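Please have the sequence and the structure open while I talk.

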Amino acid sequence: MNGAQDLGGQMGFGPVAPEADEPYFHAEWEKRALGLTLAAGAMGHWTIDESRHARESLHPADYYASSYYEIWIKALEALLERHGFVSGAELATGAPAEEGARPKRVLKAQDVPAALAKGGPCDRALETAPRFRPGDRVRTANNHPSGHTRLPRYARDKVGRVEAAHGGYVFPDSNAHGGGETPQHLYTVVFDGRTLWGEACEPGLSVSVDAWESYLEPAER
């Protein structure tokens, strides 16, 4: 969706200023925010794509005023309420008022290292052949969906070159909204910087985007 999170190429936000030797966490509560989010996701009631969409769905003013882990916690609250684990009143008061939904699974402390090592692979076997091959020139779709998408706004309706074909992967645009995994072929598409940013772009710059097959069409229509 064209939300506050889609900042690529947006002007007016100032320069990117990386923090030297940046720590993993800037406050103790951020560790707990990460742990809560992972443990809640392990219950099995929503997908990583739905959780990403929950973060994107924050009001822009709220999103820009929040730190990284504040965004995570606000999205987690929305997911827990949506799936019946807490009510709005409980979130407002911080006190339990009624029994909520029961989790499908519980991530126990001793199982955390193995769960993190396993991750959540999203590659899937496909019977269909890929539509594109490395070297093909393609144009991205000019779509502005109200739901989740992994095609950045700055890379829509742009011509690039397929650099790699990765096989089948879960389609996040569907998976974020309960529409199933509906896997598609996934490609890495490389764009010349001038195609995205104009003639004033730094010479030699290129941008690589991982794009699902339905995002693409042949460049020569």
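The buried residues of α1 in this predicted model are E30, A33, T37 and A40. Because these residues cover an arc of only 100 degrees around the axis, they sit on the same side of α1. If you turn to the face of α1 that points away from its buried side, you will find the exposed residues E28 and R32 there. As for the helix itself, α1 runs over residues 28–41, which makes 14 residues, and its span from first C-alpha to last is 21 Å, close to the 20 Å expected at 1.5 Å a residue.

What, then, covers the buried residues of α1? The cover includes α2, at 48–56, and α4, at 68–82.

That brings me to α4, which has 15 residues and reaches 22 Å between its first and last C-alpha, close to the expected 21 Å at 1.5 Å a residue. Its buried residues are Y69, I71, W72, A75, L76, L79 and L80. Viewed down the axis of α4, these buried residues fall within an arc of 165 degrees, and so they line one face of the helix.

Methods:
Residues are numbered from 1 along each chain as its sequence is written. This is a predicted model: local features need pLDDT of at least 70, side-chain atom pairs count only at pLDDT 80 or more; totals for chains, interfaces and linings use all residues. Side-chain values use heavy atoms; hydrogens and water are left out. Helices (H or I, at least four residues) and strands (E, at least two) are DSSP runs, numbered from the N terminus. The expected span of a helix is 1.5 Å times one less than its number of residues. Buried means under 20% relative accessible area, exposed over 50%, partly exposed in between (1.4 Å probe, protein chains only). The arc is that of the directions from the helix axis to the C-beta atoms. Contact means heavy atoms within 4.5 Å.
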